[in-house]
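This report describes the fold of a single chain, element by element. Please keep the sequence and the structure in view while reading.

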Amino acid sequence: MSSEMLFLANQQHRLVHDIYVLMDDGDRRVLAPLNLSPLEFAVLQQLDMAQGRRLTEVGATLLCVKSTITRIVDRLERDGLVLRTPDPDDRRAQRLVLTEQGSAVRSAAIAAHNASIQQRFGILSPAEQRQLHDLLAKLRCGLRDLIQPEPDTTTNLTDRPFANGVVRPEMIAEASFHSELTG
């Protein structure tokens, strides 16, 4: 890579980082009136009121270690938004389901988040939004292809999204649910 291209790559990295920070701050501001963090909102988006999902699945999809997802779910459960239930297929596992209150808060959060996203991306024309989407999707796909998980024979990878500090490529695809559910 030439020094000019390296300079450009560093500028692009910085721009993506800055945009992430600004988007995250916007999400926090939108969700604060509902007493939710972006991660708590993401957990609520993963759940339904009927079958729910396994706690480990939710954590893996969001690329969270067990202690983080447990802390988030503890708070959501304390606030009456989710309920832990036994998994009928595995006595050791728990499933998370939305409560009625959780469903109402999630609906309000989705509406507020969608309005905010429209405002923030409204800075770009529709054609620019499509172009940005295509470029970011291409970048995400290429980055996902660069990730090569290290073999780990001592740990069940479904329990650790960051096995040996490496994110599994399929986890990146699962983590992209957020924009697809709220878009």
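## Helix α1

Helix α1 covers residues 3–31 and contains 29 residues. From its first C-alpha to its last the helix reaches 42 Å, close to the 42 Å expected at 1.5 Å a residue; the expected span is 1.5 Å times one less than the number of residues. Helices here are DSSP runs of H or I with at least four residues, strands are runs of E with at least two, and both are numbered from the N terminus.

The buried residues of α1 are Asp-24, Gly-26, Asp-27, Val-30 and Leu-31. Buried means under 20% relative accessible area, exposed over 50%, and partly exposed in between, with a 1.4 Å probe and protein chains only. These buried residues of α1 pack against α2 (38–45) and α5 (100–121).

## Basis of the model

The model is predicted: local features need pLDDT of at least 70, side-chain atom pairs count only at pLDDT 80 or more, and totals for chains, interfaces and linings use all residues. Residues are numbered from 1 along each chain as its sequence is written, and side-chain values use heavy atoms, with hydrogens and water left out.

## Overall architecture

The chain holds eight helices and three strands, which follow the pattern α-α-β-α-α-β-β-α-α-α-α along the sequence. Of the 183 residues, 32% are buried. Among contacts with a separation of 6 or more, 57% join residues 24 or more positions apart; a contact means heavy atoms within 4.5 Å.

The chain exposes about 11800 Å², of which carbon and sulfur atoms supply 58%. Accessible areas come from the Shrake-Rupley method with a 1.4 Å probe.

## The sheet

An open sheet is formed by three strands in the order β1-β3-β2, with antiparallel pairing. β1 (53–54) and β2 (82–87) stand at the edges with a single partner strand each, so one side of each is left without a neighbour in the sheet. Helix α4 (residues 66–78) packs on this sheet and touches β2 and β3, its direction making about 115 degrees with that of β2.

Two strands count as paired if DSSP finds at least two bridges between them. Six bridges link β2 to β3 (residues 90–98) in the antiparallel sense, and a hairpin joins β2 to β3 through two residues. Two bridges join β1 to β3, also antiparallel. Arg-95 in β3 is the bridge partner of Thr-85 and also of Arg-54.

## Packing of α2 and α5

Helices α2 and α5 pack at an angle of about 115 degrees, with their axes 10 Å apart. Axes are lines fitted to C-alpha atoms, for helices over the stretch in contact, and angles run from 0 to 180 degrees between N-to-C directions. From α2, Phe-41, Leu-44 and Gln-45 meet Val-105, Arg-106, Ala-109, Ile-110 and His-113 of α5.

His-113 lies in helix α5 and counts as buried because its relative accessibility is 2%. The C-alpha atoms of His-113 and Arg-29 are separated by 9.8 Å, although these residues are 84 residues apart along the chain.
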